[in-house]
Structures are given as C-alpha cells and as structure tokens.
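Please find below a short note for a colleague who is meeting this structure for the first time.

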Amino acid sequence: MRYLTFALTKGRLADKTLAALEKSGIGCDEMKDKSSRKLIFVNEEYKLKFFLAKGPDVPTYVEHGAADIGVSGKDIIMEENMNIYEVLDLRFGACRMCICGPKEAGELLKHHEMIKVATKYPNICKDYFYNKKHQTVDIIKLNGSIELAPIVGLSDVICDIVETGSTLRENGLVVLEEVCPLSARVVVNQVSMRMEAERIGKIINALKDNI
Ligand code: PRP
C-alpha cells in the first residue's frame with residue numbers, strides 16, 4: 001500500500017485541522033511535538049504522511065500530486081483557482097471575504113465609480129467587482145496588513161478577510177459589502193481521487209462524521 005500524503009495549512013488552521021484528524025482516528029502523534037523541526041510526519045498504521053505548508057502553497061502541492069489531499073481556506077482555493085477537487089467543508093476557520101473601508105466609502109460602491117481597492121486576493125476581488133458588480137476598479141495587490149491601505153490613502157476600500165471584526169473596529173473601518181463566506185475545505189488531487197477512491201473516500205467520511 002502506498003502512502004497517502006496530506007498537505008496542511010500552517011498557522012491558524014493547523015491546530016484545528018490536527019484536532020479534526022485526531023477525532024477521525026487518523027491523527028499523527030509525531031505532529032504534536034511543537035519543538036520538532038521535522039517537515040514530514042508519518043502515521044505508519046494507516047500509511048499516511050503529513051506536512052505543513054504555507055496557505056497559498058497547499059493547492060499547488062495538491063494539483064501537482066505532491067500531496068493527495070489538502071486542507072486549505074476557501075479564500076486560497078478561490079484565489080489560486082487550481083485543478084483540484086473541493087470535497088468537504090470542515091466548517092472551522094469560518095470568516096467572511098468583505099469589501100471594507102471608512103463608512104463614507106460606501107457611497108463609492110453604489111455608483112460604479114472607478115475606485116482603488118487594496119487586497120491580498122486580486123483574483124477574488126476582480127471576479128467580485130468585474131463579474132458580479134460590473135464595476136471597473138483599480139486593484140492594488142498587497143501582502144498583509146491590508147487595513148492600512150485606506151488609512152494612509154493608498155486605496156479607497158479593501159477586499160479582505162473579516163473574522164472577529166476587531167482589526168476593522170480598532171482602525172475605524174467597517175464592512176461595506178460581503179463578498180462570500182469562507183471556511184476550511186478538504187481538497188483532493190484529481191488523479192488520486194480516481195486511483196485511491198476507496199481510501200480517500202473513507203478519510204473524507206471519517207472527517208465528515210467528526211465535524
Ligand atoms: C487577517 C485579515 C485581517 C484580519 C481579520 O489578517 O487579513 O487583517 O486577519 O481578523 P479579525 O476580523 O479577527 O480582526 P492576518 O492576521 O492573517 O494577517 P495579515 O494582515 O498579515 O494578512
């Protein structure tokens with residue numbers, strides 16, 4: 001039996017993903033050791049391998065077959081738009097993709113004005129403004145702390161993730177429009193899904209029973 005490999009997202013989603021795997025009986029004790037510098041962890045009983053990757057890289061590992069299964073945020077899946085199957089909503093990591101800004105910027109969204117939008121998610125942002133709102137906008141790609149952009153005058157609004165809303169509140173910004181809800185999803189390589197249908201199906205069902 002060959003190993004099935006899981007790519008998990010480092011950071012916020014990692015602990016919740018590990019807990020879900022554990023509850024489903026497919027965990028990996030080795031991964032609990034936070035001081036470990038190992039990159040790959042193995043569950044010999046079920047012939048599973050796990051590794052942690054940066055969020056935007058998880059769909060890449062899965063599309064190329066370096067991982068059979070991945071757990072990734074819906075934001076990353078939408079933004080990267082890879083040829084992978086999204087098979088399960090794990091429901092944790094729930095948050096929203098929103099258009100945010102100072103309250104007054106709400107007016108700019110009503111009249112199809114040419115506005116500047118800062119975001120870490122240019123593809124999601126483009127799809128929302130161009131295809132759903134039919135509004136032409138100038139998209140400015142940033143890599144983090146997106147809330148800074150309207151405060152320092154780089155953009156009129158931002159397209160970003162809102163979880164608790166505290167970053168917005170503490171910086172005098174509000175949600176102006178909701179783009180879509182987000183949460184952690186299980187994704188599967190398209191070839192693995194055919195070749196390892198039974199094993200992967202069992203894993204997905206085990207996770208489904210434990211969310
Ligand atoms: C995310 C997001 C917001 C914040 C929202 O940033 O981009 O800035 O979390 O969370 P809240 O609604 O609970 O305040 P993250 O912390 O991932 O870092 P980043 O700003 O560097 O992208």
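Predicted model: local features only at pLDDT ≥ 70, side-chain atom pairs only at ≥ 80, totals over all residues.

1. Residues are numbered from 1 along each chain as its sequence is written, and side-chain values use heavy atoms, with hydrogens and water left out.

2. An open sheet of 5 strands has the order S8-S7-S9-S6-S10 with mixed pairing, where strands (E, at least two residues) are DSSP runs numbered from the N terminus and two strands pair if DSSP finds at least two bridges between them. Strand S8 (137-141) and strand S10 (174-182) are the edge strands, each pairing on one side only, and the twist averages 25° from one strand to the next.

3. Within this sheet, strand S6 (residues 95-101) and strand S9 (residues 157-162) run antiparallel and are joined by 5 bridges; Ile99 stands opposite Cys159 in S9.

4. Strand S11 (residues 184-188) is mostly covered, since 5 of its 5 residues are buried, buried meaning under 20% relative accessible area (1.4 Å probe, protein chains only). Ala184, Val186 and Val188 point one way from S11, whereas Arg185 and Val187 point the other way.

5. Strand S4 (residues 69-73) pairs with S11 in the antiparallel sense over 5 bridges, and Ser72 has Arg185 as its bridge partner in S11. Strand S5 (residues 85-89) also runs antiparallel to S11, joined by 4 bridges, with Glu86 having Val187 as its bridge partner in S11.

Terms used:
Axes fitted to C-alpha atoms, helices over the stretch in contact; angles between N-to-C directions. Buried < 20%, exposed > 50% of the residue type's maximum accessible area, 1.4 Å probe, protein only.
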